[in-house]
Amino acid sequence: MRKVLIFGATGTIGAYAAVHLKGLGYSIIASGKRETDNGFFLDYGIEYLPADITDRSDLSKFDGLNIDAIIHCAGMMPAKMEGYEPQKYIDSIIIGTHNILELTRKNNVPKIIFTQTRADSTYLMGTKTPVSSDIERRFPLMGDHAVYAICKNAAVDFIEHYFHQHGLSRFVLRLPTIYAYHPDPYFYVDGKKKMMAYRYMIERASNGDKIELWGDPNMEKEIVSVRDLCQIFEKCVESPLPGGIYNVGRGEGVTLEEQVKGIISVFGRSNNKSVIEYRPDMPNSRQFIHDISKTKEQLGYEPRYDYISLLLDFKKEMEEERFSKLWGKMKDYGTVIG
């Protein structure tokens, strides 16, 4: 039985990954900065050990645990940062990753799986030409993602050094927005709180309200379920390869019009469907598609969730709220659907 240590396990991606891998029979150690998980992980037979990855001494609790792989999805994100404190990116992403890498070296952990931002490929976005896994990594020169992307790129460079210097297998996963249910529908843009666009549309569809569709309705973007990301985590844990950088996605875009119509179909009321108001006078959304050929060929990955099945799964999670012990419920964030 392989033992996997997950940093960032109290976050959206980490929690889904922990539950998914435990369901496959892996031995999982979940770790987050929170002192308590309110007993959530114990319900799934998962050990929870809180740790601050910015404090190397705090990671000594993992010494001698014979870990087979580390999934590292911890660190500050622009979507979670109120205001602007770039030092938090430096501390949690650069210093935190280096501390985790030292943990792998000291304990002969053979593999690390790291979640990279798609902001390193911003310069290639805006067309329907799929973005390759093996691009030149860059960073936006302005905005709330600049220092974040710089730190993520630096973390990837550290990981690559440990691959060459210490033989650490590394699987760096470039993530688009991962669609996964969390009761909090808000995030931060340039440090200011706002509702996620797709959660806003879900709320309006559930209430039968009109939905505005801004810009070109044929703009496409990569939309991927957290379930398919968890499948990739599983493939990485099992892979005998030394790894590399791999795109996460479905390899095909979903148009803005398809996105809105899908939300109305899945979340709308049968007797009061939302009407779409087209607003070509408003700004376009940004479009991009990931080339996932490398992920498929080297890891044996095949996407399982198309857009509609993703929405149906999202709705099921929303109704069941099985992560409520860990994150609370929608009403705790001032949101009520339906």
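## Around S92

Contact here means heavy atoms within 4.5 Å of each other. Keep in mind that this is a predicted model. With that cut-off, and skipping residues up to four places away in sequence, S92 touches I53, T54, G75, M76 and T97. The serine itself lies in helix 2, which covers residues 87-107.

Is S92 buried or exposed? Its relative accessibility comes out at 12%, and buried means under 20%, so S92 counts as buried. One is the backbone nitrogen of M76, which the side chain of S92 reaches at 2.9 Å. Another is the backbone oxygen of K88, which lies 2.7 Å from a polar atom of that side chain.

## Helix 2 against helix 3

Staying with helix 2, let's look at how it packs on helix 3. The two axes are 8 Å apart, and the packing angle is about 15°. Angles under 35 degrees count as roughly parallel, so that is the label for helix 2 and helix 3. The crossing of this pair is right-handed.

Which residues of helix 2 and helix 3 make the contact? From helix 2 you get Y89, I90, I93, I94, T97, H98, L101, E102 and R105. Helix 3 answers with V147, Y148, C151, K152, A154, A155, F158, I159, Y162 and H166. Sorted by class, the residues of this contact divide into 13 nonpolar, three polar and three charged.

P140 has its place in the loop between strand 5 (111-117) and helix 3 (146-166). With a relative accessible area of 16%, P140 is buried. Leaving out residues up to four places away in sequence, P140 touches A119, T122, H145, A146 and A149.

P140 and Y307 are 167 residues apart in sequence, and their C-alpha atoms are 29 Å apart in space.

## Helix 4 against helix 6

Now for another helix pair. Helix 4 (residues 197-207) and helix 6 (residues 256-267) have axes that come within 9 Å and cross at roughly 45°. How are helix 4 and helix 6 oriented to each other? At that angle they are oblique, and the crossing is right-handed.

On the helix 4 side, the contact is made by Y198, M201, I202, A205 and S206, while helix 6 brings V260, I263, I264 and F267. By class that gives eight nonpolar residues, one polar and no charged ones.

## W214, at strand 10

W214 sits in strand 10, residues 211-214. Its relative accessibility is 39%, so W214 counts as partly exposed. Setting aside neighbours within four places in sequence, W214 is in contact with L256, R279, M282 and P283. One of these, L256, falls in helix 6, which spans residues 256-267.

There is also a polar contact between side chains: W214 and E212 are joined at 2.9 Å. As for distance across the model, W214 and Q87 are 127 residues apart in sequence and 35 Å apart in space, C-alpha to C-alpha.

Technical notes:
Residues are numbered from 1 along each chain as its sequence is written. This is a predicted model: local features need pLDDT of at least 70, side-chain atom pairs count only at pLDDT 80 or more; totals for chains, interfaces and linings use all residues. Side-chain values use heavy atoms; hydrogens and water are left out. Axes are lines fitted to C-alpha atoms, for helices over the stretch in contact, and angles run from 0 to 180 degrees between N-to-C directions. Helices (H or I, at least four residues) and strands (E, at least two) are DSSP runs, numbered from the N terminus. Angles under 35 degrees count as roughly parallel, over 145 as roughly antiparallel, 65 to 115 as roughly perpendicular and the rest as oblique. A crossing is left-handed if the near helix is turned anticlockwise from the far one by less than a right angle, and right-handed if clockwise. Ala, Val, Leu, Ile, Met, Phe, Trp, Tyr, Cys and Pro count as nonpolar, Asp, Glu, Lys and Arg as charged, and the others, Gly among them, as polar. Buried means under 20% relative accessible area, exposed over 50%, partly exposed in between (1.4 Å probe, protein chains only). A polar contact is a pair of N or O atoms within 3.5 Å; within protein, one must be able to donate a hydrogen and the other to accept it, and residues adjacent in sequence count only if both atoms are side-chain atoms.
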